[in-house]
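Hello,

Here is the structure I promised to pass on. Please open it first, then read my notes below.

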Amino acid sequence: MSTRPLRHVPVRHCRIEVLFELAKEGAKPNGLQFDAKSDRLFIADQGDGSMITVSDPRGNRKETIFATDSQGPSGITVMPWNGEEAIVMSSTYGRALTFIRGEKVTAVDCRGVGVGIVAFAADHTSGTQTGYHGLEFDGQHLWAVSPPGQAVFRIELKPNEAGQPRVVGCSWFSIAFGDRPHGMAWADPSHRTAWCNDTTIGTIYRYDVTTGQCLEILVLPVDAPQSHGMTIVNGEIWYCEDTTAKIVRVIPEV
């Protein structure tokens, strides 16, 4: 019999508020990132691989669309690269990262790192391989949620001879529960803890990213829109549902 102590993790139930639906016809928002500096939501559209930008998302909400070559993207974040701003999307079905710098789009191969067939797939032998979903940046490393790996990865990127990003190292921790981790959002300014949701079971977990320990569990209502991409807006958890194009706010119980 194990003598290890039981671990206690608080569980809070939540309410949700549907804030708005995207105006773009046929939009399938799967990745979500709020950039506080520019007051914009960046959204990865899994339907056609485009990037949707919503300016003033808590006010008048102006949408713009930028076409990319990302294949079924499920995550998006903003990070610096070689002195300029890069928007990074997870090309889930391309098993790559899509770097967008101005009008330039570059694919970064991620095969062998967090890529594979998801546990809930019907065919575990010849089924479709997929890659990363939710993305975040901590000031030094890119972080990515992997449903095939059932883990959260910290990715080290360095430029190749042409100055393009490439993956040169990684570390990871396994998720605590579920088999469909999706979005990721920093839970504190120091980037020590992060939220990660599970789409299938309608829950959100807070992890210590240095130890991989689960610290807290949020339970969404049974009838809530499915949580896919996730971000933090003024301390609030927002997420998107790809089938209805809804943007949703999570309200944990006190």
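**Salt bridges**

R12 and E216 form a salt bridge through their side chains, with 2.7 Å from N to O. A salt bridge here is a side-chain nitrogen of Lys or Arg within 4 Å of a carboxyl oxygen of Asp or Glu. R12 sits in strand β1 (residues 11–21) and E216 in strand β17 (residues 214–219), so the pair ties together parts that are 204 residues apart in sequence. Strands are DSSP runs of E with at least two residues, numbered from the N terminus.

Before you go on, two notes on the source. This is a predicted model: local features need pLDDT of at least 70, side-chain atom pairs count only at pLDDT 80 or more, and totals for chains, interfaces and linings use all residues. Residues are numbered from 1 along each chain as its sequence is written, and side-chain values use heavy atoms, with hydrogens and water left out.

Back to the first pair. Is E216 buried or exposed? E216 is buried, at 8% relative accessibility. R12 is partly exposed, with a relative accessible area of 28%. The cut-offs are these: buried is under 20% relative accessible area, exposed is over 50%, and partly exposed is in between (1.4 Å probe, protein chains only). The pair also belongs to a network of salt bridges that links R12, R206 and E216.

How many salt bridges does a search of the whole structure find? The search finds 10. Here are two more of them:

- D109 and R111 meet through their side chains at 2.9 Å, N to O. D109 is partly exposed, at 43% relative accessibility. R111 counts as exposed, at 56%.
- R249 and E236 meet at 3.2 Å, N to O. This pair links distant parts of the chain, 13 residues apart: R249 is in strand β20 (residues 246–252) and E236 in strand β19 (residues 236–241). E236 is partly exposed, with 28% relative accessibility.

**Cysteines**

How many disulfides does a search of the whole structure find? The search finds 0. A disulfide is a covalent bond between the sulfur atoms of two cysteines. The cut-off used here is a pair of cysteine sulfur atoms within 2.5 Å. Look at C214: its nearest cysteine sulfur belongs to C196 and is 9.9 Å away. For C240 the nearest cysteine sulfur is also that of C196, 14 Å away. C214 is buried, with a relative accessible area of 7%. C240 is buried too, at 0%.

**Cavity and pockets**

Rolling a probe the size of a water molecule over the atoms shows where empty space is left. The search runs on a 1 Å grid over the protein atoms alone. A cavity is a set of points where a 1.4 Å probe fits but cannot get out. A pocket is an open set with protein on both sides within 12 Å along at least five of seven lines. Lining residues have an atom within 4 Å of a point. Grid points are joined across faces, edges and corners, and a volume is the space filled by probe spheres set on the points.

The structure holds 1 cavity of 30 Å³ or more. The largest cavity has a volume of about 40 Å³. Its lining includes N30, L32, S74 and M184. β2 (29–35) gives the largest share of that lining, 3 residues. By class, the lining has 5 nonpolar, 7 polar and no charged residues. Ala, Val, Leu, Ile, Met, Phe, Trp, Tyr, Cys and Pro count as nonpolar, Asp, Glu, Lys and Arg as charged, and the others, Gly among them, as polar.

Now the largest pocket. Its space is about 460 Å³. It is lined by 18 residues, and Q33, F34, D35, V78 and E136 are the closest to its centre. β6 (76–81) supplies the largest share of this lining, 4 residues. The classes are 8 nonpolar, 5 polar and 5 charged.

The second largest pocket holds about 260 Å³ of space. Of its 16 lining residues, Y93, F120, T130, H133 and R180 are the closest to its centre. Its lining has 5 nonpolar, 9 polar and 2 charged residues.

**A hairpin**

Strands β4 (residues 51–55) and β5 (residues 62–66) run antiparallel, joined by 5 bridges. Two strands pair if DSSP finds at least two bridges between them. M51 stands opposite F66 in β5. The two strands form a hairpin with 6 residues between them, and D56 in the turn has a positive phi of about 50°.

Best wishes
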